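Please examine the sequence and the structure shown below before reading on.

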Amino acid sequence: MLIKKNRVWAAVALLAAVTGFSSCLKNDSNITPTRPQAQIWFMNVSTSTVPATFYDNDVKVSDSIIDFNFYSRYAVYGGAHKFELRKQGGDSVIVNNISTYDSTGYYTFLMFDNPVKAIAIPTNTENYDQTKIGIRFLNLSPDAGPVDVYIGSEKIDSNRNYMSTGELMSASNFKLFSSFSINNTVTIKAAGTDDVLANSTDLPVTSFTQGNFYTIYLAGLKAHPSGSDKLLVNTFYSLY
């Protein structure tokens, strides 16, 4: 599954997988499994308005414009990768990050803040339980203030402030839940109040189900209620 408008990213990952598979295909009775790849959720919540394109180890991945709330699945072979945003139509570097990826791991590559910063956040699967729902919340809005997080009518997190770079780098763990009476609605409220800042009843993940890890995030600016970077809440799979 590829989210949004970036199907060329899927083609890049698929081509790499097919190439790896073909090189290992010896004969009908001797087949080597496909070489594993790190699975990455690539996401930009920076409110910078500079149009950007994405490079992996100095190779342009696609011509897609990386704008606010751009997100896509991406896969790479294990090892060191330099992920880089460059100003569209030129070689001016907006931000880069060099991280080492485990080919069996799951990651979130996050671009945030303004000026843009970039980090790679691994998914910690040590507490995985196929009978539980794993959830992590990221407050990525610099002006929303502290917030409470609800799934349906159940508060799952409270008084969460905008996260620093250090907090995001260590945001690898997921809290486990058994179930939710309403599992397809997320609402963000100003902490300790009933003031709704953002909500979604049409989640990209459809609903929260046992055996998966999910990230819920708040992004955008409270000061821009009608802008393209207005407050929003969204979700994605962090283990699938």
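Which residues of the largest nonpolar core touch the most other members? In this predicted model, they are I135, F208 and I216, within a core of 23 residues. Two or more residues of this core come from each of β11 (133-139), β12 (147-151), β15 (186-190), β16 (196-200) and β17 (213-219). A second core, separate and made up of 20 residues, includes I40, V61, I66 and M111.

**Overall composition**

The protein contains two helices and 18 strands. Buried residues account for 48% of its 240 residues. The accessible surface is about 11,400 Å², and carbon and sulfur atoms contribute 50% of that area. Of the contacts between residues at least 6 apart in sequence, 64% link residues at least 24 apart.

**I216 and its sheet**

Leaving aside neighbours within four places in sequence, I216 is in contact with several residues, among them I135, F137, L138, I151, V186 and F208. T235, in β18, is the bridge partner of I216. The strands β17 and β18 pair in the antiparallel sense, over seven bridges. Both belong to an open sheet of four strands in the order β14-β11-β17-β18, with mixed pairing. At its edges lie β14 (175-177) and β18 (232-239), each of which pairs on one side only. On average, neighbouring strands of this sheet are turned by 30 degrees against each other, direction ignored. In general, the strands of a sheet pair through backbone hydrogen bonds, in either a parallel or an antiparallel manner.

| Residue | Relative accessible area | State |
|---|---|---|
| H81 | 10% | buried |
| T104 | 58% | exposed |

H81 lies in strand β7 (residues 79-87). H81 counts as buried because its relative accessible area of 10% falls under the 20% limit. A polar atom of the H81 side chain lies 2.8 Å from the backbone oxygen of Y77. Beyond its neighbours within four places in sequence, H81 is in contact with D56, N57, V76, N97, I98, S99 and Y101.

T104 is located in the loop between β8 (93-101) and β9 (106-112). With a value of 58%, T104 is classed as exposed because the threshold is over 50%.

Technical notes:
Residues are numbered from 1 along each chain as its sequence is written. This is a predicted model: local features need pLDDT of at least 70, side-chain atom pairs count only at pLDDT 80 or more; totals for chains, interfaces and linings use all residues. Side-chain values use heavy atoms; hydrogens and water are left out. Buried means under 20% relative accessible area, exposed over 50%, partly exposed in between (1.4 Å probe, protein chains only). A polar contact is a pair of N or O atoms within 3.5 Å; within protein, one must be able to donate a hydrogen and the other to accept it, and residues adjacent in sequence count only if both atoms are side-chain atoms. Contact means heavy atoms within 4.5 Å. Accessible areas come from the Shrake-Rupley method with a 1.4 Å probe; for residues, only the protein chains shown count as cover. A nonpolar core is a set of buried Ala, Val, Leu, Ile, Met, Phe, Trp, Tyr and Cys residues joined through side-chain atoms within 4.5 Å. Two strands pair if DSSP finds at least two bridges between them. Axes are lines fitted to C-alpha atoms, for helices over the stretch in contact, and angles run from 0 to 180 degrees between N-to-C directions.
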